2 protein chains.
Amino acid sequence: MARPTLKKQIPNLQEAIKKAAWKHIAKFGAPALSLRAIARELKITAPAIYNYFLDRDALVTALIIDAYTSFGDSQLAAREAVPSQDVIGQMTAIGMAYRQWAHQYPQRYQLIFGTPIPGYQAPLREVLPSAARSLSALVSVIEQLRLSGKLNVKSFPKVQAEYKAGFEMWKKYGGEVDLLSLTVAMLIWARVHGIVSLEIAGNLPPFGASGDDLYLYEMRSLQQQFVKE
Amino acid sequence: MARPTLKKQIPNLQEAIKKAAWKHIAKFGAPALSLRAIARELKITAPAIYNYFLDRDALVTALIIDAYTSFGDSQLAAREAVPSQDVIGQMTAIGMAYRQWAHQYPQRYQLIFGTPIPGYQAPLREVLPSAARSLSALVSVIEQLRLSGKLNVKSFPKVQAEYKAGFEMWKKYGGEVDLLSLTVAMLIWARVHGIVSLEIAGNLPPFGASGDDLYLYEMRSLQQQFVKE
DNA sequence: ATTAATAAATATACAGTGTTTAGTTACAAG
DNA sequence: CTTGTAACTAAACACTGTATATTTATTAAT
């Protein structure tokens, strides 16, 4: 029985593999992800997976893209939930959604922003679309702030010319914005990422009853620094 | 020949193993660290390593402690290089040393602050001494700032009571300071870590000629936010 | 000096991993 | 009814960390 009959075949095996992979990641963590374990779960043999993914890295890449999509959905939904006139409200909503998503899916967060898979390096070309989309919510808000003249960027550093090509590529998936807005958004991202990644890894003491006082403080700091008036 | 004669034995094999491990990490990255590869390099068998380290994780822990020590040395040296009256100068020196060290030893940086070893979780008890020491340079400067009344901590959030035990433990290795100074230092650490970790992973566009304009900007931001006057 | 104990290594083996190759079968198209 | 292809299995390779048993060099005790 080299090939199972259609009746016994798993209908969308590609999706089933990813689903089993997520299940294993949630249970044993991303580093323990194993093709053979997935195969056991689905009652197929490990090499069968190679019909759907070039190798383990390709599977991980697919998982990362899914995670980015989930993350981007959460970011865009947060922005949409606040009326577009209230730019500052959108900014905080996006920031809160960031941390909320990270706490809800710590494994997905680490899969995207950490380096939990041995030897794996995400191929930028494949990941960029979903990654740019996920950042686009924040970037668009900063852009709105800039267009309304409320963005305080006194002496904000400029990116080097060599990055221009990367920026053009970003715009393709992240939307038409000024380079300044993108770079400010990236700094904000870096700040938020700094706190959340340490928090997820358990390297920050708990602030406040629910632990988010420090985060709120940092969001206020961002507001005071980058929003005029 | 189960046991080599003293002449053929490697003199401090424990150190030699760590040295070979670092060599491999520098060459192939931390995730590719392999006991068997180390053994091959030293021309011994893999199980021989178990005479010096309980298991692979114990070796990694030893490496992390070494990395923390190297990092701490750099931090403390940076503080010492600036006269103790110039607290703000010490603060920036420490900040610059942080990034400099991270760029000089990206693998060590990722070994400490990332999670590049599959399934490995650093045992806090063993790592804390060197970790606390490495942070103590920054913490001590913040403490000086606080004692001289120049620390601006208007509405800075407080840590939860449950952390008090961890704080007591920290003081044992990181020096006698106020809890506030420690937590402010941790926020500063989070900010700096946010930028540097993204930078090391290649996820930030290059700012300025040598790429450190954004970092300088962020250090100025910290100063403006936390230093009075 | 002889013997016993210990320490430090090797040899071997086990269970696991990703991946390659060759073979087999179910199904679809001609 | 045949042929071709897609989708799988089986078996094997080269790795990995680790456990166990064994061997030997050195040290300590008698």
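Is Phe156(A) buried or exposed? I started with this residue in the predicted model. Phe156(A) is buried, at a relative accessible area of 7%.

**Entry 1: the ring partner of Phe156(A)**

I looked up which ring pairs with Phe156(A) and found Phe226(A). The two ring centres are 6.3 Å apart and the planes stand at 70 degrees, so I noted the pair as edge-to-face. The cut-off for that label is over 60 degrees. Phe156(A) belongs to the loop between helix 6 (124-147) and helix 7 (164-174) of chain A, while Phe226(A) belongs to helix 9 (residues 213-226) of that chain. The pair therefore ties together parts that lie 70 residues apart in sequence. I also checked Phe226(A), which is buried with 1% relative accessibility.

**Entry 2: a pair between chains**

Next I looked at Phe156(B). Its ring pairs with that of Phe207(A), with the centres 6.4 Å apart and the planes at 80 degrees, so this pair is edge-to-face. I noted that the pair crosses between chains. On one side, Phe207(A) sits in the loop between helix 8 (179-200) and helix 9 of chain A. On the other, Phe156(B) sits in the loop between helix 6 and helix 7 (164-174) of chain B. Both Phe207(A) and Phe156(B) are buried.

**Entry 3: other aromatic rings**

I took the count of aromatic pairs over all chains, which is 24. I then listed one aromatic cluster in chain A, whose members include Tyr68(A), Tyr98(A), Trp101(A), Tyr105(A) and Trp189(A). For Tyr105(A) I found a charge as well: the charged end of Arg108(A) sits over its ring, 4.1 Å from the centre. In chain B, Arg108(B) lies over the face of Tyr105(B), at 4.1 Å from the ring centre.

**Entry 4: how the chains are related**

I looked up the superposition of chain A on chain B. A rotation of 180 degrees, with 0.0 Å of shift along its axis, does this with an RMSD of 0.1 Å. That is the relation of a two-fold axis. In chain A, Gly194(A) has the C-alpha nearest the axis, at 1.8 Å. The same surface serves both copies, as 100% of the contact residues of chain A recur in chain B.

**Entry 5: helix 6 of chain B**

How far does helix 6 (residues 124-147) of chain B span between its end C-alpha atoms? I found only 30 Å, whereas a straight helix of 24 residues would span 34 Å. I also noted a kink of about 45 degrees in helix 6 of chain B, centred on Ser136(B). Just after this helix, Gly149(B) has a positive phi of about 75 degrees.

Technical notes. Residues are numbered from 1 along each chain as its sequence is written. Chains are lettered from A and ligands numbered from 1 in the order in which they are written. This is a predicted model: local features need pLDDT of at least 70, side-chain atom pairs count only at pLDDT 80 or more; totals for chains, interfaces and linings use all residues. Side-chain values use heavy atoms; hydrogens and water are left out. Copies are superposed by least squares on the C-alpha atoms of residues with pLDDT of at least 70 in both. Contact means heavy atoms within 4.5 Å. Helices (H or I, at least four residues) and strands (E, at least two) are DSSP runs, numbered from the N terminus. The expected span of a helix is 1.5 Å times one less than its number of residues. The bend at a residue is the angle between axes fitted to the seven residues ending there and the seven starting there. Rings of Phe, Tyr and Trp (its six-membered ring) pair if their centres lie within 6.5 Å; planes under 30 degrees apart count as stacked, over 60 as edge-to-face and the rest as tilted. Buried means under 20% relative accessible area, exposed over 50%, partly exposed in between (1.4 Å probe, protein chains only). A charge sits over a ring if NZ of Lys or CZ of Arg is within 6 Å of the ring centre and within 35 degrees of the ring normal.
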